[in-house]
Amino acid sequence: FTVGSVPDDYRTRHPIVVSESEKSADIVISSGAHGLSYRDREVVRSMSVDFRNSGSQIIAIMVPTGSPNARAAGAAARDAVKTLKLSNINSNQIVVQHYNASNHGESATLRIVYADLNAAVDSKRGEWNEDLLDTKDNKNYSNFGCATQNNLASMIAHPADLLGPRG
């Protein structure tokens, strides 16, 4: 009696994939603002904590130009840089970039962005193309394990841990 490997293992059918993704926060800046509001400063602080925990090397502040709120956004960007530095982020890790927002009108936002790792399941979900009552081979149905893998991927705090152990 020989037992082979399980050909329909849910971990191979619905693998968790670690990839790079962009984390960002948009801050709406009114034309009359002279810097960041208290609430907006908290958004920047929260991003700084997430950035430090991510292990990423560069955090960018995207500043709109050519929009009615461009001057106010520049002042807010200077406040954002100060806030990041007060959150123990080195100046060489902060990059200020400008983007053309002349066609955005009043809705041009200050964006804080950095790259981070993300864990997700890279398979199609919701495929019910086979009869669940047809169990004569005693195999898992094609969607089996998909929800569990998705939940596990969303709960992983540090996706780099899936790539290898920490030092």
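Helices (H or I, at least four residues) and strands (E, at least two) are taken here as DSSP runs, numbered from the N terminus. On that basis the chain has four helices and four strands, and along the sequence they follow the pattern α-β-α-β-α-β-β-α. The model is a predicted one, in which local features need pLDDT of at least 70 and side-chain atom pairs count only at pLDDT 80 or more, while totals for chains, interfaces and linings use all residues. Residues are numbered from 1 along each chain as its sequence is written, and side-chain values use heavy atoms, with hydrogens and water left out.

Of the 167 residues in the chain, 34% are buried, meaning under 20% relative accessible area with a 1.4 Å probe and protein chains only (exposed is over 50%, partly exposed in between). Contacts are defined by heavy atoms within 4.5 Å; of those between residues at least 6 apart in sequence, 81% join residues at least 24 apart.

Strand S2 (residues 59–65) is largely enclosed by the rest of the structure, because six of its seven residues are buried. Strands count as paired if DSSP finds at least two bridges between them. S2 pairs with strand S3 (residues 94–100) in the parallel sense over seven bridges, and Ile 59 stands opposite Ile 94 in S3. With strand S4 (residues 109–121), S2 runs antiparallel, joined by four bridges; here Ala 60 stands opposite Val 113 in S4.
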